[in-house]
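Here's a quick briefing to read alongside the model. Have the sequence and the 3D view open as you go.

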Amino acid sequence: MRKRDYYLTGVTLIILAIFLYIADMYFDAYIVRILNLCAIYTILGLSMNLINGFTGLFSLGHAGFMAIGAYTTAILTLSVDAKAQNFFMEPIIAPLANVEWPFFPALLLAGILSALVGFLIGAPALRLKGDYLAIATLGFAEIIRVIFTNTQNITNGALGLKRIPPYTNLWWSYGIAVFTIAIMVLLINSSYGRAFKAIREDEIAAESMGINLFKHKVMSFTIGAFFAGIGGGLLGNLLGTIDPAMFKFTLTFNILLIIVLGGMGSITGTVISAFLVTISLEALRFLDQPINLGFFVIPGVAGMRMVVFSVLLMIVVLFYRHGLMGNKEFNWDKFLQVIKFKKPLLKGGKN
Amino acid sequence: MTPIMFLQHLANGISLGSLYALIAIGYTMVYGILRLINFAHGDIFMMATYFAFFGVFFGLPWYIAFPITIILTVLLGMGVELTAYRSLRDAPKISIMISAIGASFLLENLAIVIFGGRPKAFPTEEIFTKVVHVGDIAVQRLTFIIPVVTAILLIMLSYLINKTKTGMAMRAVSKDHETARLMGINIDRTISTTFAIGSALAAIGGIMWGLKFPQIQPLMGVMPGLKCFIAAVIGGIGSITGAVIGGFFLGVSEIMLVAFFQSMTGYRDAFAFIILIIVLLFKPTGIMGEKISEKV
């Protein structure tokens, strides 16, 4: 990276900070919530893209890691009397009943726990390949959800948790999103990142070049799980209520849609499409409501929105397999060229 | 646990297992020929119960409504293959799987939009649901009909695959697409036939499922779909005998788990996945599967 790029990145971050400040002060709650969701989906998308896009492991267990993150943060940050209120069926077990942590350590522990589970799941499951891995990770996510539904005295079972303190604000979500992007960029451009990509392209070739397949796969999976846990924690404390039914396969599907649309293997693509998908998920809510065409009223059909999104995913996969960005990344040179409408220099420096 | 109760549970387990086996065959045949988990199979099964529901709902007698259901489901299965899988035949595997997941979600959401999200009561036909007494066991007639129908279908299927030209073509395509094409086999048509057979079995399974558990809703295909895929993996994916064994094993052991360990009822849905993971870790090729070595 050149000096100019550092300045430009710095300026962009300052502009983002000013924008967040204004948004925090003047935007209404609904828009702030959508902006928060955009950042959280960016984190989740990046964590899944690391596993699926960069390392080429088709994992469908993301909802499970998010559930671990969301529940850890929620249980740790719930106030003592809110816990007493939540757990009216069966009291919460002793050490958890009286803890009330600040947001950051709770979030960190959520990430670490999720990473630990990711490691424990990954170590055996990553011996599998392709669709077997997909179905095994899907199975693990489902097992986590069933366990959470049944452990009444830790997670409050199917009743879910309510009155989770709304700690997630724009600063937290965008701060962590920027941090995640930075970590991903550094990771992907490191020797580890090159090893991940080599595994994605051809496992056998990568192994014969001396890359330790197992170590790198588990590493990618664990890091992905860590950020998925943090994303889940942010989501839980944004929404205020969580229950196990939230963390079904549909949630994994939404994130899969984001990374496929953005391009498997592109950080920039994931960020763009996280915003696109989250905003259009909200903007297309009108599809579920009756539409008045003046002379004719189309009755609202709940679920129409998801039909549109399923069709969108299929169109992307069938006709634009590389998504928005393929595996290209944003860089300042290209960006400046685009805004200056300058043609790139030809070979030999002629214009 | 009295012996009578045990027999009763066993009868239930066998009839559930037969249903699992019928659906698992669809997965295993498609996997055998395309190396693809047809995620949409569970939803094709769901659509079949809805077709049957509306057939009877509009006043058709069951012996007309059910064959129509099978035909519609077959068309649906072939349609899914044509739109979602055919153009991706040479694409990377990950794309095909995403397309399969997309097709599955599309069917689920279409069902929600068209049929409504609220559960509907499947019409009970007296002829199937009458309770009969065998000795001291009281079971629905259906509990016996299901395994018998399954057995007949299995015999027909095994004849089709082992004795007819279509079956030979299917076996050839599952070994090697290119060589099969050189031998003059129409690959597209063979794959289409495979989807048609799988969907027909799913339709029959769906109708019997509706009669046995008479509450249908748009997401009902997800869990049976996943479990039947697991059954196929347990038996060794790609092998039809394996799928049947896996289906029966899963059905019977699930019923027995709930019967013997009442407190584990909440974990019923996780049970199949735990078995799956154990099988994948210790014998990834399943009971009947062959070891496939990787070619460089």
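In α11(B), the buried residues are B:I240, B:G242, B:A243, B:V244, B:I245, B:G246, B:G247, B:F248, B:L250, B:G251, B:E254 and B:I255. Buried here means 20 or more other C-beta atoms within 10 Å of the residue's own, exposed means 12 or fewer, and partly exposed is in between, with C-beta atoms placed from the backbone. Keep in mind that this is a predicted model, where local features need pLDDT of at least 70, side-chain atom pairs count only at pLDDT 80 or more, and totals for chains, interfaces and linings use all residues. Residues are numbered from 1 along each chain as its sequence is written, while chains are lettered from A and ligands numbered from 1 in the order in which they are written.

**Confidence**

- Chain B has a mean pLDDT of 87, with 97% of its residues at 70 or more; pLDDT is the predictor's per-residue confidence, from 0 to 100.
- For the complex, the predictor reports an ipTM of 0.84 and a pTM of 0.88.

- Helices (H or I, at least four residues) and strands (E, at least two) are DSSP runs numbered from the N terminus.
- α11(B) covers residues 240-260, and its 21 residues reach 30 Å from first C-alpha to last, close to the 30 Å expected at 1.5 Å a residue; the expected span is 1.5 Å times one less than the number of residues.
- The buried residues of α11(B) pack against α1 (3-34), α6 (141-163), α10 (222-235) and α12 (268-282) of chain B.
- α4(B), residues 93-115, has 23 residues and runs 33 Å from its first C-alpha to its last, close to the 33 Å expected.
- Of the 23 residues in α4(B), 17 are buried, so this helix is largely enclosed by the rest of the structure.

**Where the chains meet**

- 32 residues of chain A are in contact with 34 residues of chain B, contact meaning C-beta atoms, placed from the backbone, within 7 Å.
- On the side of chain A that touches chain B, α7 (130-150), α13 (249-262) and α15 (304-319) each supply at least two residues, and α7(A) gives the most, with 12.
- By class, that side of chain A has 23 nonpolar, six polar and three charged residues; Ala, Val, Leu, Ile, Met, Phe, Trp, Tyr, Cys and Pro count as nonpolar, Asp, Glu, Lys and Arg as charged, and the others, Gly among them, as polar.

**A helix pair in chain A**

- The axes of α9(A) (170-188) and α12(A) (213-239) come within 11 Å and cross at roughly 170°; axes are lines fitted to C-alpha atoms, for helices over the stretch in contact, with angles from 0 to 180 degrees between N-to-C directions.
- A:W172, A:S173, A:I176 and A:T180 of α9(A) meet A:F227, A:I230 and A:L234 of α12(A), a set with five nonpolar, two polar and no charged residues.

- A:R163 has a positive phi near 55°, sits in the loop between α8 (152-155) and α9 of chain A, and counts as partly exposed with 15 C-beta neighbours inside 10 Å.
- B:R35 also has a positive phi, near 55°, and lies in the loop between α1 and α2 (41-57) of chain B.

Technical notes: Two residues are in contact if their C-beta atoms, placed from the backbone, lie within 7 Å.
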